[in-house]
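Please work through the exercises below with the sequence and the model open side by side, and try each task before reading its solution.

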Amino acid sequence: MMVFWYEIKKVFARAKYESVQYLKEHKDELGVSKLDDVSMGDGDEVFVTKQIKEAAVKVFGLLEPYTHSLADMEEPMEAFEWDITYDEKEHCVVFRMIKTATMSATILPLMENAIENALVNYALGKFLPHNSIDGSYFMAQFNNNYEEILGYINRRKGLKRTYKLY
C-alpha cells in the first residue's frame, strides 16, 4: 500500500509563500507592488483550505481505481480522508492506494511531490482570481501536476522494448 499525507496547515503555508513570491512581480499602474493588497494572509485560510480540499478530491479521482482493494482488507481502510489526525499530526489530508505488482517502486517521492504541488497550485489558481489577479499560470501548473500524477500511476517496471532503434 502507498500512503500520501499532507498537513493542511503546511500546504496552506506553502501556498501563502508562493503567493507572496508571485505577487512581488505584479505592480499597479503607479508601479507600486500589489503585494500588501492581494497576497494570501491568515484571514484567507478558510477560503484556501476549501480550495485545497477541492484539489484533493480531484487528485483522489486519479488514485481511486487503485483503492478498491482497501475496502476488502481484514481491517478496511478509507482511501481518502480529509482533516484527520494522522501520524500524530493535526489536520491532514490522506491518500491511500494499492501498489500494483507492475508499478515502479521508485515513484513514491515523485508522486508525493506532484500531489503536493497540485494542491498548492490549485489553491493559488483559485485564490488569485478571488483577488482580481490572473491565476491561469497556477491552473496550468495544476493541470501539469495532474498529468504528472497520472503518468506516475501508469509507470510500470519491467517493460522491455520489443523493437530495435535503428
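The structure is a predicted model, in which local features need pLDDT of at least 70 and side-chain atom pairs count only at pLDDT 80 or more, while totals for chains, interfaces and linings use all residues. Residues are numbered from 1 along each chain as its sequence is written, and side-chain values use heavy atoms, with hydrogens and water left out.

**Exercise 1. Describe the order of helices and strands in the protein chain.**

Begin with the inventory: the protein chain has 5 helices and 3 strands, where helices (H or I, at least four residues) and strands (E, at least two) are DSSP runs numbered from the N terminus. Next, follow the sequence, along which the pattern is β-α-α-α-β-β-α-α. Finally, consider burial, meaning under 20% relative accessible area, with exposed over 50% and partly exposed in between (1.4 Å probe, protein chains only); of the 166 residues, 36% are buried.

**Exercise 2. Work out how the strands are joined by bridges.**

Two strands pair if DSSP finds at least two bridges between them. Take β1 and β3, which run antiparallel and are joined by 6 bridges; here M2 stands opposite M97 in β3. Then take strand β2 (residues 80-86), which is joined to β3 by 5 bridges, again in an antiparallel arrangement, with I84 opposite C92 in β3. The hairpin of β2 and β3 has 2 residues between the strands, and D87 takes a positive phi near 55° in that hairpin.

**Exercise 3. Find the aromatic pairs and classify the geometry of Y6 with F95 and of Y122 with F142.**

A search of the whole structure gives 8 aromatic pairs; rings of Phe, Tyr and Trp (its six-membered ring) pair if their centres lie within 6.5 Å, and planes under 30 degrees apart count as stacked, over 60 as edge-to-face and the rest as tilted. For Y6 and F95, the centres are 6.3 Å apart with 65° between the planes, an edge-to-face pair. The pair links distant parts of the chain, with Y6 in strand β1 (residues 2-7) and F95 in strand β3 (residues 89-97), 89 residues apart, and both Y6 and F95 are buried. For Y122 and F142, the ring centres are 4.9 Å apart and the planes are at 65°, so this pair is also edge-to-face. It connects helix α4 (residues 108-130), which holds Y122, to helix α5 (residues 136-154), which holds F142, across 20 residues; both Y122 and F142 are buried.

**Exercise 4. Which residues of α5 are buried, and what covers them?**

The buried residues of α5 are F138, F142, N145, I149, Y152 and I153. They lie on the same side of α5, because they cover an arc of only 100° around the axis, the arc being that of the directions from the helix axis to the C-beta atoms. Their cover includes α1 (8-23), α3 (45-63), β3 and α4, where contact means heavy atoms within 4.5 Å.
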